[in-house]
Amino acid sequence: MWDYTDKVKDYFFNPKNAGVLAEANAIGEVGAIACGDALKLMLSVDPESEIIREAKFQTFGCGSAIASSSALTEIIIGKTLDDALKITNQDIADFLGGLPPEKMHCSVMGYEALQSAVANYRGEVWKDDHEEGELVCKCFGVDAGLIERAIKMNKLTTVEQVTDYTKAGGGCLTCFDKLEEILARTNAELVAEGVLAEHDAYRVGAADPKKIKEKAQAAKERESLTQISPLAPASPLPPLSAGLTNLQKIRLIEETIEELRPYLRKDGGDCELVDVEGSNVLVKLAGACVGCQMSSVTISGIQERLMAKLGFPVRVVPVGRNAH
Amino acid sequence: MKPVYLDNNATTRVDPQVVAAMLPYFTEQFGNPSSIHSFGASVGAAVKTARSRLQALLGAAHDHEIIYTSGGTEADNTAILSALEAMPERNEIVTSKVEHPAVLSLCQHLEKIGRAKAHYIGVDALGRIDIEAYRAALSDKVAVVSLMWANNETGTIFPIEGLADLAKQHGALFHTDAVQAVGKAPISLKDSAIDMLSLSGHKLHAPKGIGALYVKRGARFKPLLRGGHQERGRRAGTENTPGVIGLGKAAELAVAHMAEEQTRVKALRDRLEGGLLQRIPNCFVNGDLNDRLPNTCNIAFEYVEGEGILLHLTRAGIAASSGSACTSGSLEPSHVLRAMNIPFTAAHGSIRFSLSRDNDDEDVDRVLEVMPGILEKLRALSPFWAGDDKSGKEFKPVYA
Ligand SMILES: Cc1ncc(COP(=O)(O)O)c(C=O)c1O
């Protein structure tokens with residue numbers, strides 16, 4: 001697994017400030033369960049001094065996400081909001097003695113949650129609420145604003161780094177062109193500000209064109225392979241219905257088995273309908289079919305015939321035979 | 001405390017009897033089995049005995065249908081590449097979305113270089129193959145069908161013999177990656193329509209780096225490695241004799257333990273699974289409960305991320321694995337879980353426990369003891385956990 005520092009492990013196993021803060025007057029929420037990580041940051045801010053008196057978190061995510069969230073609360077407790085806002089995601093990573101590069105997005109998540117909580121306290125709308133930034137990476141719900149901030153704060157200069165820090169492009173990578181464009185534009189701004197050397201800045205197409213093609217190709221393959229956007233909510237198994245009444249279904253199934261019976265008998269076997277549960281057709285195999293190596297052939301044969309007859313998928317499940 | 005190893009689908013401990021059988025073949029019986037002199041001849045005889053043990057394990061008609069390879073990956077690659085070369089008039093492959101990368105990556109590569117067109121058949125929420133889509137993909141353009149016997153992540157078993165029959169109707173060669181099934185599920189090849197089958201030693205208590213490809217007598221075949229005349233010219237290279245001897249011994253032991261896999265190991269798995277479902281709310285089993293390897297238990301826990309569970313298990317001395325994104329370095333859950341479209345509330349929290357005959361009741365007890373606490377702890381951290389207490393038995397995942 002990951003090469004986490006002892007401090008990351010410690011903050012994962014014994015997280016400080018975990019849980020719900022009932023008296024919170026500032027709440028920041030980022031991420032989503034479908035994306036694999038999410039953080040809810042709760043602060044209790046003193047209205048007079050704007051000092052963060054208490055901070056708690058709830059995090060769904062890997063070990064480093066939990067550790068980063070806990071570290072964030074430790075860093076900001078006792079700070080004024082203005083001072084807290086100066087914290088970067090690198091400060092969170094440093095506090096933990098570093099994070100594996102692929103896990104830097106966990107520290108960015110902490111940073112974003114803090115920005116969001118402070119905006120919430122001040123009655124502002126946090127920029128991240130898709131106001132200014134268009135959604136760039138659909139797989140992980142990352143918008144342009146977050147990507148730009150991460151690039152600027154960490155002086156990122158490659159697309160791979162952008163993925164490590166924001167997860168954008170970590171899925172289907174169909175947003176590659178867009179990521180390149182944002183990276184080049186933001187790098188140019190950094191150069192203009194004098195914080196990035198011209199020769200370090202990324203230019204569109206600077207990534208080896210062959211590599212880009214390969215990535216796009218890989219993306220296409222993945223697409224064809226799964227044909228679902230990652231973690232799209234699943235569709236249910238079609239129920240055993242399609243317009244037929246239960247009785248009609250059972251009759252049809254019995255008829256089909258009846259048709260097959262001569263063939264089964266020829267091989268010294270037999271099959272009997274026991275029950276129908278949802279899309280499962282429970283049958284009892286008898287004679288030579290029982291425990292026979294080939295019973296799965298029999299079953300798939302029956303299954304096929306049934307599906308052809310009924311016109312929708314069913315599963316033939318043998319019951320009451322010897323486990324094998 | 002003794003460590004608890006429940007990651008046997010990743011690899012198994014080499015059986016001490018296998019090690020004992022192999023040892024003489026390093027320093028005493030070190031001859032080259034192809035040599036005529038006495039050093040070689042006795043090794044040659046041992047290699048042949050090992051082959052007949054594998055023949056027995058697979059229920060194959062002839063011992064020379066077994067070709068030794070460096071493992072499951074080589075066997076899978078050999079089977080598919082051989083079929084494409086042996087059937088020059090056909091250039092399509094039919095496989096599934098849930099295969100091991102040893103098959104999937106190869107198929108994707110073959111597509112990329114324009115060598116073949118591949119059909120990736122989908123599965124339903126329980127990991128069962130879409131038979132209709134499979135039938136629709138078959139045609140006389142298909143050179144080879146490659147479908148796994150049992151899935152390494154969920155243990156779900158495909159109705160392989162029936163699928164092979166269907167492929168035969170279109171004259172396609174049929175290959176199955178049985179790396180996870182061999183030794184755990186009864187297999188009998190001699191009367192089947194299966195042309196090729198891959199197996200790997202390290203999944204059945206033999207060492208890593210040795211495996212085999214079964215090729216039915218008469219099935220068209222082209223070697224991957226060319227050179228010497230070893231394995232009747234079907235796989236060149238001096239045999240890994242200690243490995244071969246070890247694989248033979250492991251096959252013999254697997255035959256002897258087959259009933260145990262189906263009874264004792266299965267009972268352990270069922271107790272583990274039932275215990276977890278009962279003790280932990282909001283979790284469910286990934287895979288086909290009606291047709292599954294007896295040793296595999298893949299459970300999805302809602303509202304937690306798998307890496308956290310694994311870190312806690314590791315600290316408790318328990319080894320398992322996860323289909324979650326975080327542990328693999330990828331950002332998305334495994335391709336198998338995604339193909340099954342399992343509910344997104346749980347896709348990130350799937351843990352696989354895979355047992356073997358090395359496990360005992362104590363191991364199961366340990367997991368049952370620590371898991372509820374781990375889940376409680378992580379769920380208390382989770383912003384999505386509202387504490388709705390739906391016990392495993394009543395709990396049905398919501399396929400939104
Ligand atoms: C289903 C399946 N196929 C193939 C392989 C690869 O086998 P090997 O590690 O021997 O190359 C594995 C093991 O990782 C597997 O689980």
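How many residue pairs are in polar contact across the interface of domain 1 of chain B and domain 2 of chain B?

Analyst: A word on conventions comes before the count. This is a predicted model, in which local features need pLDDT of at least 70 and side-chain atom pairs count only at pLDDT 80 or more, while totals for chains, interfaces and linings use all residues. Residues are numbered from 1 along each chain as its sequence is written, chains are lettered from A and ligands numbered from 1 in the order in which they are written, and side-chain values use heavy atoms, with hydrogens and water left out.

For the interface of domain 1 of chain B and domain 2 of chain B, the rule finds 10 residue pairs in polar contact, both residues being at pLDDT 80 or more. A polar contact is a pair of N or O atoms within 3.5 Å; within protein, one must be able to donate a hydrogen and the other to accept it, and residues adjacent in sequence count only if both atoms are side-chain atoms. Helix H8 (241–279), strand S10 (296–301) and helix H11 (335–339) of chain B each supply at least two residues of the side of domain 1 of chain B that touches domain 2 of chain B. Helices (H or I, at least four residues) and strands (E, at least two) are DSSP runs, numbered from the N terminus. With four residues, H11(B) gives the most to that side of domain 1 of chain B. By class, the side of domain 1 of chain B that touches domain 2 of chain B has eight nonpolar, 10 polar and seven charged residues. Here Ala, Val, Leu, Ile, Met, Phe, Trp, Tyr, Cys and Pro count as nonpolar, Asp, Glu, Lys and Arg as charged, and the others, Gly among them, as polar.

Now for the wider setting of this interface. In the domain assignment, domain 1 of chain B takes in 4–8 + 258–381 and domain 2 takes in 16–254; such bounds come from an automatic or database domain assignment. Taken over C-alpha atoms, the centres of domain 1 of chain B and domain 2 of chain B are separated by 28 Å. Contact (heavy atoms within 4.5 Å) involves 25 residues of domain 1 of chain B and 28 residues of domain 2 of chain B. Between them, about 2,300 Å² is buried, and carbon and sulfur atoms give 55% of that area. Buried area is the accessible area (1.4 Å probe) that two parts lose on being put together, summed over both.

Salt bridges are another matter: the count between domain 1 of chain B and domain 2 of chain B is zero. A salt bridge is a side-chain nitrogen of Lys or Arg within 4 Å of a carboxyl oxygen of Asp or Glu. Over all chains, the structure holds 33 salt bridges. One of them joins the side chains of B:Asp7 and B:Arg352, at 3.0 Å from N to O. This pair links distant parts of the chain, 345 residues apart: B:Asp7 is in the loop between strand S1 (4–5) and helix H1 (16–22) of chain B, and B:Arg352 is in strand S13 (residues 350–354) of chain B.

Chain B also has residues around the ligand. Of the 13 residues around the ligand, B:Gly72, B:Thr73, B:Asp177, B:Ser200 and B:Lys203 come nearest, where a residue is near a molecule if one of its heavy atoms lies within 4 Å of it. A polar backbone atom of B:Gly72 is 2.8 Å from an oxygen atom of the ligand. For B:Thr73, an N or O atom in the side chain is 2.5 Å from a ligand oxygen atom. The side chain of B:His100 has an N or O atom 3.1 Å from an oxygen atom of the ligand.
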